[in-house]
Amino acid sequence: MTPSPIPSTSSTSSTSSVPRLVIAAPSSGSGKTTVATGLMAAFTERGVAVSPHKVGPDYIDPGYHALATGRVGRNLDAYLCGPELLGPLFAHGARGCELAVVEGVMGMYDGAAGEGELASTAQVAKVLRAPVVLVVDASSQSRSVAALVHGFASWDPEVRVGGVILNKVASDRHEALLREALDSAGVPVLGVLRRAPQVETPSRHLGLVPVAERRTAAVEAVAAMAAQVREGCDLEALFALARSAGALTGGAWEAPVTDTTAREVVAVAGGPAFTFSYAEHTELLAAAGAEVVVFDPLRDEQLPDGTRGLVIGGGFPEVYAAELSANEPLRKAVAALAGSGAPVAAECAGLLYLCRELDGLPMCGVLDAAGEMSGRLTLGYRDAVALSDSVLAVAGTRMRGHEFHRTVVEPGSGTAPAWGVRTSERRVEGFVQQGVHASYLHTHWAAEPGVARRFVERCRTS
């Protein structure tokens, strides 16, 4: 059966009016990723240009979104970037698109601890003036679903819950009971999804396994998500709901351009071991005058020709420690570059790679520190202040960041620490030495564009 066409919108229309939906849930594990990714893929299959977004600091879900849409997955994080940047960053990502799908984080009203609605899905929905589709795990309830949906829809009158998608529905009888209950809640049912193990994606110690590590299986999983959503959801009604989003004011975010003809080669670590990065980082580097070249530390034995600076983001070096260690030529090349005083920015996985060893295996040896797996998860937003002048910031610069790891580095900081961090207690963290800035803290450079500009300037002068 040929699907009916989705009402079209002009791809040249302003991003202030692009149709958009926020996919939220009462709690983690309800099926947001399945529904959001499935919707992105299903609409893309119909020829709709879809802009994918993710609330919060998550690096992994945007990889699946990119696979579903063929566009870069982007994050919207009110804690890291400030609420005032949410609209501009959204508009930047949604340029040329006919629909935007925003996957929420945790439960709809959950945000930064102790900060009220800050960084919650609800806050993003309000800032974007976007209707919310609530994904409910209905596997262990029937009539109670109405009370749950009513509570979420009425909790904050500024959040507009425009529909419900019921997930993990067991049978036709179960679906009938759920629909009957929801008739009284005043929120339409826009989809019903049955239990489908084939759409599940494998997880490990930090969540889903990234796309780069399971490309073929990830393609199959996204195709299964699309099929489930296509068969179980009313795509026409969902698109109509998306078109009811309110207009946004203000322009799109732009990476500030440095007027320069020289292009300094900045090598950026990629591949399966280093998958955590925000799209705006490379855009900021390029705008500041860098020629960004991605390389894979698992396979490439040398840094890109002409490398003047190195950025190593987050990922899973602990999973690939043996392969990273076995690539001795690259480890030596990284150590030589750092030893020359060239700018090196390393976050989390990058910090571990620069250590002397990781789980007993030799790494680059740039830092006189050792990393190892830990049984404890370190997770949360952080307020930080730069304690030492570095290639990224002058001492005293304040930034917000995020930690997410199950590893520890000993010692945790050098003689010139990177950051002073406030959590339940104040502590120092990270390393600044020569041109190296290495830390567990993930930051979003769009919040402080001077970071990329300073880094590239140091590439020219080092």
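These notebook entries record what I looked up in the predicted model.

**Basis.** I worked with a predicted model, in which local features need pLDDT of at least 70, side-chain atom pairs count only at pLDDT 80 or more, and totals for chains, interfaces and linings use all residues. Residues are numbered from 1 along each chain as its sequence is written, and side-chain values use heavy atoms, with hydrogens and water left out.

**Entry 1: two helices.** I took helices (H or I, at least four residues) and strands (E, at least two) as DSSP runs, numbered from the N terminus. I looked up helix α1 (residues 32-45) and helix α9 (residues 235-242), which pack at an angle of about 100° with their axes 12 Å apart. Axes are lines fitted to C-alpha atoms, for helices over the stretch in contact, and angles run from 0 to 180 degrees between N-to-C directions. The two helices, α1 and α9, are therefore roughly perpendicular to each other (the term covers 65 to 115 degrees). In contact (heavy atoms within 4.5 Å) are Leu39, Ala42 and Phe43 of α1 with Leu235, Leu238 and Phe239 of α9.

**Entry 2: the sheet.** I then traced an open sheet of six strands with mixed pairing, in the order β11-β10-β12-β13-β21-β20. Two strands pair if DSSP finds at least two bridges between them. Strands of a sheet pair through backbone hydrogen bonds, either parallel or antiparallel. The edge strands, β11 (290-295) and β20 (431-433), each pair on one side only. From one strand to the next, the twist averages 15°. Within the sheet, β10 (residues 264-269) and β12 (residues 307-312) pair in the parallel sense over four bridges, and Val268 stands opposite Val311 in β12.

**Entry 3: helices on the sheet.** I found helix α10 (residues 279-287) lying across β10, β11 and β12, at about 140° to β11. Helix α12 (residues 328-339) also packs on the sheet and touches β11, β12, β13 (344-347) and β21 (436-439). The direction of α12 makes about 110° with that of β12.

**Entry 4: backbone exceptions.** Most residues other than glycine have a negative phi, and most peptide bonds are trans. I noted a cis peptide bond between Glu410 and Pro411, with omega about 0°. Pro411 is in the loop between β17 (398-410) and β18 (419-422). Met106, not a glycine, has a positive phi of about 50°; Met106 is in the loop between β4 (99-103) and α5 (121-128). Cys348 has a positive phi near 55° and is in the loop between β13 and α13 (349-354).

Are these residues buried (under 20% relative accessible area), exposed (over 50%) or partly exposed (in between; 1.4 Å probe, protein chains only)? Met106 is partly exposed at 35%, and Cys348 is buried at 6%.

How values were computed. Parallel < 35°, antiparallel > 145°, perpendicular 65-115°, else oblique.
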